[in-house]
Amino acid sequence: MLQSHRLGYVTAMDAITLLKTDHKTVEKLFKQFEKAGDRAILTKGKLVGGMVKELSVHAAIEEQVFYPAVRREVENAKDQVLEGLEEHHVAKWLLSELDGMDPEDERFDAKVTVLIESVRHHVEEEEETLFPMVRKALGRKRLAEIGAQLDQAKKAAPVHPHPRSPDAPPGNVVVGAIAGAIDKARHAFEE
Ligand SMILES: [Fe+2]
């Protein structure tokens, strides 16, 4: 207890490691979906449910915590962040259409394929261009601080996509918290 307290931020997952771990989680769902046979309706529905949740939370915390910090603190990262926001926006529309869609709908597989393609492109751009810029510009301590904030933001983040909601501060912080609470209430009601 004393030791973990003393180590504090040093033991927290740094922001980039945390976001990359999220990317891996989503990629696993994508691979499982691609392996699932045409008739694996239940499995595909469940996997897409996982994608909806994971990607909604991931996009929200990146938009609430990571992107604003990068815009403020990393020189020349603005265009990358703006592109990231647009890619999130497209992904959220697809996710909102997939959320609750019948896996037997003839548009289902195609929509998931396009989602997977665009998220993979987004992940590649972040991991190959944006994250190295951020790691170079911000020290270990700052990355650990942002990591802790991302971790905290996960707890209140919406678990469904909200493509019409603001995706930059201050609007997304306020609306995001409300959306997160509504999403959670919705789940409590359904369960
Ligand atoms: Fe992202």
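What follows is a short exchange about a predicted model.

Biologist: How many helices and strands does the protein have?

Modeller: Seven helices and zero strands. Along the sequence the pattern reads α-α-α-α-α-α-α.

Biologist: What makes alanine 60 count as buried?

Modeller: The cut-off is 20 or more other C-beta atoms within 10 Å. Alanine 60 has 28 C-beta neighbours inside 10 Å, so it counts as buried. Of the 191 residues of the protein, 32% count as buried.

Biologist: How does the reach of helix 2 compare with the span expected at 1.5 Å a residue?

Modeller: Helix 2 covers residues 15-35, which is 21 residues. From first C-alpha to last, helix 2 reaches 31 Å. The expected value is 30 Å, and the reach is close to that.

Biologist: Which residues of helix 2 are buried, and how do you know where they lie around the axis?

Modeller: Ala15, Ile16, Leu18, Leu19, Asp22, His23 and Phe33 are buried. They cover an arc of only 165° around the axis, so they lie on the same side of helix 2. In general, residues three or four places apart point the same way, because an α-helix has 3.6 residues a turn.

Biologist: What do the buried residues of helix 2 pack against, and which residues are exposed on the other side?

Modeller: The buried residues pack against helix 3 (41-73), helix 5 (108-137) and helix 6 (140-156). On the other side of helix 2, Thr21, Lys24, Lys31 and Lys35 are exposed.

Note on methods: Residues are numbered from 1 along each chain as its sequence is written. This is a predicted model: local features need pLDDT of at least 70, side-chain atom pairs count only at pLDDT 80 or more; totals for chains, interfaces and linings use all residues. Helices (H or I, at least four residues) and strands (E, at least two) are DSSP runs, numbered from the N terminus. The expected span of a helix is 1.5 Å times one less than its number of residues. A residue is buried if 20 or more other C-beta atoms lie within 10 Å of its own, exposed if 12 or fewer, and partly exposed in between; C-beta atoms are placed from the backbone. The arc is that of the directions from the helix axis to the C-beta atoms. Two residues are in contact if their C-beta atoms, placed from the backbone, lie within 7 Å.
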